[in-house]
Amino acid sequence: MLVLTRKQNEVINIGQDIEIVIFDIKDDHVKIGIKAPKDVTIFRQEVYKAILKENELASQISKEAAQAISDVISQKIAKKPL
Amino acid sequence: MDKAKIGTTRFGLVEFDVNKVINFVDDIPGFYDLRRFIMIPHGDNSPLSWLQSIDQPELAFAVIDPWLLFEDYKPDLSESELASLEIDETTNGELIVLTVLTIPENPQDMTANLKAPIIINAKQNKAKQIVLSTDEYLIKQPISYNK
């Protein structure tokens, strides 16, 4: 891993298309601006990992379990006033 | 209509229209390089559908229109995210939002992932699971159905 030290307003380039700017440094956090092509996904790591875990859990669903909740959801929808 | 068949663990052999395959433009977190899916309705009167991988027979997600359960859901998608799916002002009717459901051991504890909806450009059959930046929606949003 490459570790760099930057001051406020300084910039890091990754490849030709990605730019990272230090916007603001305050107390224990830093505001970072990221410019990247639209096909590059940017996310906070802890959020990505949580989504990943949830997707794995979700993918374990069985057809029978889905049938059980399908009926419940249909009932819930039916009860709603129009 | 060009048809093909795939084996699936939940539905057996499934025939589908190759022109209706949904191509994810980015990996679904947790499922590296499995980007081709088809939609299979769960049943005639069911609000559920399945997003079935055509590359891996065991991989499928139960999905639902989020507004059936959460009327006020307002997924805010950034311009760049929409651009990655080639969605703009002209796409309107062909934008589909789906929520992935998680059903733990006790079905009563089922949750919906409102934080990371699946967005589909139905015109071009492109899709992506987009993570909303707001903290308002949860990855494990409880579905209360005792009301």
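Among contacts in chain A between residues at least 6 apart in sequence, what percentage join residues at least 24 apart? I looked this up first, keeping in mind that the model is predicted, and the share came out as 0%.

Entry on the fold of chain A. I listed the elements next and found two helices and three strands in chain A, which follow one another from the N terminus in the order β-β-β-α-α. I then looked up the radius of gyration, which is 22 Å for chain A, whereas the globule rule gives 12 Å for 82 residues; the value is well over the rule, so chain A is more spread out than a compact globule. For the outline, I noted that the C-alpha atoms of chain A fill a box of roughly 60 × 30 × 25 Å along the principal axes. I also checked burial, and found that 21% of the 82 residues in chain A are buried.

Entry on the interface. I turned to the place where chain A meets chain B, and recorded that 29 residues of chain A and 42 residues of chain B take part in the contact. The two chains bury about 3,100 Å² between them, and 66% of this area lies on carbon and sulfur atoms. Looking for charged pairs, I found one salt bridge across the interface of chain A and chain B: Glu54(A) pairs with Lys140(B), and their closest N and O atoms are 2.7 Å apart. For polar contacts between chain A and chain B, the count I noted is nine residue pairs, with both residues at pLDDT 80 or more.

I then asked which elements supply the side of chain A that touches chain B, and found that α1 (45–58) and α2 (63–79) of chain A are those giving two or more residues. The largest share comes from α2(A), with 12 residues. By residue class, I recorded this side of chain A as 14 nonpolar, eight polar and seven charged residues.

Entry on one residue of chain B. Is Ser46(B) buried or exposed? I located Ser46(B) in the loop between β4 (36–41) and β5 (48–53) of chain B, and its relative accessible area is 18%, so Ser46(B) counts as buried, the cut-off being under 20%.

Methods: Residues are numbered from 1 along each chain as its sequence is written. Chains are lettered from A and ligands numbered from 1 in the order in which they are written. This is a predicted model: local features need pLDDT of at least 70, side-chain atom pairs count only at pLDDT 80 or more; totals for chains, interfaces and linings use all residues. Side-chain values use heavy atoms; hydrogens and water are left out. Contact means heavy atoms within 4.5 Å. Buried area is the accessible area (1.4 Å probe) that two parts lose on being put together, summed over both. A salt bridge is a side-chain nitrogen of Lys or Arg within 4 Å of a carboxyl oxygen of Asp or Glu. A polar contact is a pair of N or O atoms within 3.5 Å; within protein, one must be able to donate a hydrogen and the other to accept it, and residues adjacent in sequence count only if both atoms are side-chain atoms. Helices (H or I, at least four residues) and strands (E, at least two) are DSSP runs, numbered from the N terminus. Ala, Val, Leu, Ile, Met, Phe, Trp, Tyr, Cys and Pro count as nonpolar, Asp, Glu, Lys and Arg as charged, and the others, Gly among them, as polar. The radius of gyration is taken over C-alpha atoms; the globule rule is 2.2 Å times the number of residues to the power 0.38. Buried means under 20% relative accessible area, exposed over 50%, partly exposed in between (1.4 Å probe, protein chains only).
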